[in-house]
Amino acid sequence: MIIQALNQYYDILTDDENCSIPRKGYSTAKVSFVLNLSKEGQLNHIIDIRTKEGKSRPKELVVPKQDSRSGAGCFPYFLCDNEKNVFGIEYVKKKDREKILNDSSKVASILEDDGENAVVVTKRSKKCFEAFRSLHQKILEKNGSVESKALLSFLSNWKPEDFLKHPKIIENKDEILKGVFFVFEVDGTYLHKSPELKKAWEMNFNVLDDEKIKSAQCLVSGKTEPISRVHQKIKGVTGAQSAGASLISFDKASFCSYEKEQSFNAPVGTAAEFKYTTVLNHLLADPKNRLRVADSTVIFWAETSDKEYEDLTLSLFNPPLSLVESSEKNAEQEEKKIKDEKTLQLIRDILTKVRNGQPLDPKTIGADPDTRFYILGLSPNNARLAVRFWYRDTYGEVITRIARHHLDLEIVKADFDPPYLSIYRLLKETIPKSAERGEASPILGGLMLNAVLNGSQYPIQMYYAIINRIKVERSINFARAGFIKAYLLRISRNGSSSLKESLITMSLNKESLNVPYRLGRLFAVLEKVQSETNKEMGSTITSKYFSSASATPAVVFPVLLKLAQHHIAKSDWGVKTNKDIEEILSGVDAFPAFLNLEEQGMFMLGFYHQKQAFYEKKVVQKEE
């Protein structure tokens, strides 16, 4: 089902002339340098095409198809490869230096050795260069173009031992020895874009492919067709190997059956395999089509080549932060601010419609709400990928459910707090503040996204984790309070709680008779009066009593009320504080002996609401 959806999306993208997705026989590669050749096959220049903004990054180019390669064999690529295949040399790092240099059976010649790293010609690198040369001679032997003649002349005359004798190589040596990829250029034409060379490649591609293919029934199409033995690697999944990982692979005999080897155990036709791997790599390469949730990389797409769908979905999953004025303004910052303001206004418009129960129309969301939309979560599993979750629905329904999630999270907060929260930001609230590089539970990420997309109850594990963090760290911020409110709203909505939905509000609800909520408000009042009369104290009752007060109020509150009388007597606002305590306690007949986790959430919500109400009063007083 997943592969079928990806295959359909590939067909949609290839129908769009403006889409750069590779066609059959091609794939994308991260290229760093261009080797400029003369018409006679001399290396004239080495051109760096990496991006110069911040950290240098390779440029993604569509090149002749590069199958996954592993093991000790030599598997050269056509017109685009690394230094081992193109030049026949190998860069040996410090950790492997002694092992390789002392083995005469491996090293053919040492070109440079600084005591730590070395540039050598090994018997294997020489063999790889010869395989690279043979591949190009085989494909281009009958091609009489200027570009093919120049390349074949370069390969025929090149000697790996002369690598460090070329002035242009010496000039760029430190950069080109980092395992980067090269393409070729002759007279201003990239060879991988040359019509003559592309035609030669396409004529030979099927011949080269048929040598290692056998036919069987494809599980995707249901037809008898050539089956892919090894599937292309998927690159760009966070935490997976940088060289890529396989979605379908069988690397041990115990995984195989009926004497079938590798991917023949799950037969997928070469056409279906090429389409799904190509489109996955295409989606993962575009930041607008992916986001991270815990250990999962989430990609999404609609059954159209229109990018409006992806832009809005990403904005809803990862909303812009609050628009903070900067003293240093430039054109880029101003442009980003304008774009963020437009995005936030669009989110507000969508949330308003969902709140009022109005249907989403194309004018509001800028796209057809009835279009099929897909979301796929992938997580790393050694050299393979695991499907964490798979979701499909109409685009309008997806947007509505994400909007409902944001509405449930809405809570009173400071002006400088972000207006909307991403799932990634919520998951961070489960990580201890003391953890320098802590990671949220990967299970929570999948459960959270599932709850958002299905409109179901939020995971109770997430609720436990948030409650526990508040107790341990004795602090509650808008993100934690917002999630507690959202969790309680949904369990009330689906009938699994006796709580009334009307009692769970965005801001302070003085009319609520819920006892745990009132006790949370009372704790906030008692903390305030203590902090006002003892401003030099380094801690308040929160640091000592918050956890026990939220769990066993009957034990703690009599003690706190007794202590509070001393602070009230010293306070300039003692009369006002007494009135607040009386108003809150008017709805409490007795302190409960024990609060369950659901009631503890209401306690913390009341505490947060009351503290925010105090802050709002101060702001109003200052403005007056």
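Guide: Start with the term. A salt bridge is a side-chain nitrogen of Lys or Arg within 4 Å of a carboxyl oxygen of Asp or Glu. This is a predicted model, where local features need pLDDT of at least 70, side-chain atom pairs count only at pLDDT 80 or more, and totals for chains, interfaces and linings use all residues. Residues are numbered from 1 along each chain as its sequence is written, and side-chain values use heavy atoms, with hydrogens and water left out.

Visitor: How many salt bridges does the structure hold?

Guide: There are 27. In one of them, D67 pairs with K65 at 2.5 Å, N to O.

Visitor: Is K65 buried or exposed?

Guide: Buried means under 20% relative accessible area, exposed over 50%, partly exposed in between (1.4 Å probe, protein chains only). K65 has 10% relative accessibility, so K65 counts as buried. D67, at 27%, is partly exposed.

Visitor: What does R469 form a salt bridge with?

Guide: With E473; their closest N and O atoms are 2.9 Å apart. Helices are DSSP runs (H or I, at least four residues), numbered from the N terminus. Both residues lie in helix α15 (residues 460–473), four residues apart, about one turn of the helix. R469 is buried, at 12% relative accessible area.

Visitor: Which residues are linked with R469 and E473 in a network of salt bridges?

Guide: R425, E429, K433 and R480.

Visitor: And another pair?

Guide: D393 and R401 form a salt bridge, with closest N and O atoms 3.8 Å apart. D393 is buried at 18%, while R401 is partly exposed at 23%.

Terms used. Helix = DSSP H or I, 4+ residues; strand = E, 2+ residues; numbered from the N terminus.
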